[in-house]
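Hello,

Here is the structure I promised to hand over. My notes on it follow below, with the cut-offs given as they come up.

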Amino acid sequence: MKSAAVVNYAPEKGSVEIREIERPKIGDDDVLLEVANVGVCGSDLHQWTADHSWPVNYPVVLGHEFGGHIIELGSRVSGWREGDRVVSETAAVIDPQNPMTRRGLYNLDPTRKGFGYGVNGAMTRYVRVPARCLHHVPDQLAFEQACLTEPCCVAFNAVVENSRLKPGDRVIVLGPGTIGILCAAVAKLCGADVAVVGLEADRHRLSIAEQYGCTAIVGDATEWAKKVDGLGADCVIDAAGTSITLKIAMQLVRPNGHITKVGWGPQPLNFSLDPLVQKNVTLQGSFSHNWPIWERVISLLASGQLDVKPIIGGVWSITDWHEAFEKMHRGDVVKSVLKPL
Ligand SMILES: [Zn+2]
């Protein structure tokens, strides 16, 4: 029995199409998941438009933000049952002996391979998932929202684990995409005063940031950054990732402040990093997430403290992937969600 899948089949721009694929066979430590919903990530768009900077195992089924029901269990899997409602982490392949893995930081194992680029992802009906990736989803949390646990975990790691926020801190988030808005939402949960900065074309997405109680700024955020004591923001989160945004972050951050870079950008910088030295600023990267972050974020989603509904711009059938990708690519919606056939 075959199912429709959104397949990225070659490195050239636009190499994504619907293909019929076989139901995957699972290994002893895996489960088979019937996908309920799968989010479209900026990285899925980057693979579609071929401006990504990571190796892809073509052809590959896209999609790494997903949840669904367990329908089959491998022989060595314990603690899970058929019918369980789950979401899955993204580190589909890790080396259990890697020193980072042994410290619980398997997200930083350099040999890690994720769904949607290293192994087949979830933009299809059935996906094979190692049982160690699974987390329970409480009944009150719908899959349309639960499938976005992954980007929420990216934001939680950037804001809570990799920044140092105190209640009342002034935080500037550069970039009103999914990760930027979710970073802003998590910073609000930490008690920060938050502004989200975008371009003229980002007005719609910035209005969604306002629904989280953030200040929306088009263009220059200097005035907001310096409003209290003239020195700048306590923390700047770069969720855009182009070279210029790091330069802006260095201008907006206060002396002894913190910059967290969670957005990717393969271009060379071509400007001086001296403001980091002069201002005694910490520049911190943030990548992915691990088990305790997932458990905490699921609790926040289930309790309603963190609400992803404002960012969801629509739910499309996977055969309508092109429209869902296009709307997100144009910034008409912050996040597109797909539903398998
Ligand atoms: Zn993602």
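Throughout, contact means heavy atoms within 4.5 Å. Helices (H or I, at least four residues) and strands (E, at least two) are DSSP runs, numbered from the N terminus. Please keep in mind that this is a predicted model, where local features need pLDDT of at least 70, side-chain atom pairs count only at pLDDT 80 or more, and totals for chains, interfaces and linings use all residues. Residues are numbered from 1 along each chain as its sequence is written, and side-chain values use heavy atoms, with hydrogens and water left out.

First, the annotation. An unreviewed UniProt entry places "domain: Enoyl reductase (ER)" on residues 14-338; UniProt positions are given in the numbering used here, feature names are shortened, and annotations may be inferred rather than shown by experiment. Over that stretch, 14-338, the chain is 28% helix and 26% strand, with its end C-alpha atoms 19 Å apart.

Now the sheets, where two strands pair if DSSP finds at least two bridges between them. One is an open, parallel sheet of six strands, ordered β11-β10-β9-β12-β13-β14. Its edges are β11 (215-218) and β14 (282-285), each pairing on one side only. On average, neighbouring strands here are turned by 20° against each other, direction ignored (axes are lines fitted to C-alpha atoms, for helices over the stretch in contact, and angles run from 0 to 180 degrees between N-to-C directions). Helix α5 (residues 178-189) packs on this sheet, touching β9 (170-174), β10 (193-198) and β12, and its direction makes about 170° with that of β10. Between β12 (residues 233-238) and β13 (residues 253-261) there are five bridges, and V236 stands opposite I259 in β13.

Another open sheet has three strands in the order β2-β1-β4, paired antiparallel. Because β2 (16-22) and β4 stand at the edges with a single partner strand each, one side of each is left without a neighbour in the sheet. Seven bridges link β1 (residues 2-8) to β2, with A4 opposite E20 and V6 opposite I18. Two bridges join β1 to β4, and V7 has V61 as its bridge partner there. Six of the seven residues of β1 are buried, so this strand is largely enclosed by the rest of the structure (buried means under 20% relative accessible area, exposed over 50%, partly exposed in between, with a 1.4 Å probe and protein chains only).

Helix α8 (residues 243-252) has S243, T245, L246, A249, M250 and L252 as its buried residues. They pack against β9, α7 (222-226), β12, β13, α9 (274-278) and β14.

On nonpolar cores (sets of buried Ala, Val, Leu, Ile, Met, Phe, Trp, Tyr and Cys residues joined through side-chain atoms within 4.5 Å): the largest has 48 residues, and V171, V173, V194, V196, I237 and I311 have the most contacts inside it. Apart from it lies another core of 36 residues, among them V16, V40, V77 and V129.

Finally, the zinc ion is coordinated by C41 (SG) and H64 (NE2) at 2.1 to 2.3 Å. C41 lies in the loop between β3 (30-39) and α1 (42-49) and H64 in the loop between β4 (60-61) and β5 (65-73), so the pair ties together parts that are 23 residues apart in sequence. Donors here are N, O and S atoms within 2.8 Å of the metal (3.2 Å for Na, K and Ca), and water is not among the atoms, so sites may look incomplete. C41 counts as buried at 16% relative accessibility, and H64 counts as buried at 9%.

Best wishes
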